[in-house]
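The report below goes through selected features of one structure, beginning with a surface patch and moving on to charged pairs.

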Amino acid sequence: MPSERTERPYELIVFGATGNVGVVISEYLEKSSDAKRWAIAGRNAKKLGALRTKIADGKEATCDIVLADCTDRDSMKKMASQTKVVLTAAGPYHLYGEPVIQACIDAGTNYVDITGEVGWVYQMKLKYEKQAREKGVCISSFCGYDCIPPELSLGLANEALGSGDKLQSAETLIEAKNMEGTGFPRGTALTFFGFIRDPVFFARNLIDSVAYVPRRERCAALTSFFLWLLPCWSSVTEGFTLPNFMGLINVFVVHASADALGFGGVRFYDRLPLPQMPLNALSSLVVVGMFYSFMAVFMPILVIASLLAGDKIQEWLEARSISGVPKAVTDFSLSGYGASGRKVSVNLVIPGDPGVCCTALLAVETALGFASGEKTTAGFLTPVVGLGSVYLAKRLKRAGVQVKVTVDGKSVIDGI
């Protein structure tokens with residue numbers, strides 16, 4: 001089946017192109033010199049036509065339009081059969097993702113998404129892993145800002161330490177700079193609100209997230225998860241840190257990846273730094289204490305409110321979804337140690353806000369990597385396991401991401 005993909009009309013089709021992230025993905029592809037043959041897809045021809053006109057910006061558009069509807073399996077398979085890779089930005093994925101996976105497997109087409117729904121990916125893997133392998137299809141989830149930076153950073157850190165060593169512990173810090181306003185993409189907001197609105201659904205997703213991690217790695221993953229819940233001291237900021245909101249996703253994805261890449265058992269701290277303050281150690285402890293006190297009161301109130309007025313809250317969230325902040329910068333850093341005691345550092349500086357623009361860049365470069373045909377591994381794979389940390393880092397660097405890797409202060413890994 002992989003050889004048949006070379007004869008298809010498109011390298012990449014973006015499904016769900018008219019959503020928050022889908023629009024920015026399409027804009028990115030329109031400007032990309034690597035996107036030679038691509039199309040936007042969805043069910044609404046009028047919206048797709050308006051998007052095509054918008055991104056062309058008065059010039060001749062480089063993309064085509066393909067009509068496909070999640071409720072029409074034939075239209076989905078017809079879409080998937082025309083391309084090497086389908087990149088789907090239509091979330092929440094537990095509602096709209098499975099028909100795309102089915103179509104890609106039916107058509108022998110690689111699949112990329114930007115979900116953070118680990119439990120859903122686990123259920124899809126149970127259901128379709130065998131079929132994907134038999135068809136030679138790669139199903140790669142977690143290709144957005146929430147997962148690629150930590151997974152890639154840990155992969156690069158372990159690579160930098162060399163074959164005689166392996167990554168033993170890693171602290172990651174993420175910071176969004178030059179942001180204008182706050183908010184989330186619509187799909188992200190609805191996914192997390194769905195967890196709050198339905199505690200049983202949340203609990204089931206958490207159980208499935210643990211199950212997603214290979215059995216031999218689950219103890220390490222659960223250790224990192226419980227550490228994520230707690231306030232942590234950072235030797236980098238010399239103060240206390242907060243849990244990264246996306247750690248609920250990252251912890252399990254990173255540990256599954258670490259197991260596949262040969263450094264299972266790593267101790268992983270996924271954190272948010274606080275601004276530097278006078279008497280930073282004491283000040284950060286006070287702020288962290290206030291945060292946990294607030295969450296202890298706020299979360300029960302939010303759960304009750306979602307049960308009583310869930311529809312109104314959902315409308316409020318949708319009205320405040322963001323369409324991206326191109327001038328923002330997402331700064332992601334890792335500080336870790338190998339088993340030998342050597343210190344390894346990784347820094348990724350990615351253009352755009354985390355939720356939309358940064359995610360669009362990461363997802364497109366991952367999808368184009370799979371479309372290139374250089375990596376042909378089949379099955380359910382994270383982006384770094386599927387493409388390799390060095391290969392993906394090189395793609396991202398060509399796309400404008402700053403990548404720096406050091407061991408004991410010395411730059412390592414040729415070509416990055």
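## Surface patch

M290 is part of helix α12 (residues 280–319), helices being DSSP runs of H or I with at least four residues and strands runs of E with at least two, numbered from the N terminus. M290 is exposed at 56% relative accessible area, where exposed means over 50%, buried under 20% and partly exposed in between (1.4 Å probe, protein chains only). Together with L279, L282, L285 and V286, M290 forms a nonpolar surface patch of about 530 Å² accessible area; such patches join nonpolar side chains (Val, Leu, Ile, Met, Phe, Trp, Tyr) within 5 Å, taking residues with over 30% relative accessible area and no salt bridge.

## Basis of the model

This is a predicted model, in which local features need pLDDT of at least 70 and side-chain atom pairs count only at pLDDT 80 or more, while totals for chains, interfaces and linings use all residues. Residues are numbered from 1 along each chain as its sequence is written, and side-chain values use heavy atoms, with hydrogens and water left out.

## Salt bridges

The structure holds 9 salt bridges, each defined by a side-chain nitrogen of Lys or Arg within 4 Å of a carboxyl oxygen of Asp or Glu. One of them pairs E98 with K127 at 2.6 Å, N to O. Because E98 belongs to helix α5 and K127 to helix α6 (residues 118–135), this pair ties together parts 29 residues apart in sequence.

Another salt bridge joins D331 and K177 at 3.2 Å, N to O. D331 is buried at 17% relative accessibility, whereas K177 is partly exposed at 35%.

Technical notes. Patches are made of residues with over 30% relative accessible area and no salt bridge: like charges are joined within 9 Å, nonpolar side chains (Val, Leu, Ile, Met, Phe, Trp, Tyr) within 5 Å. Accessible areas come from the Shrake-Rupley method with a 1.4 Å probe; for residues, only the protein chains shown count as cover.
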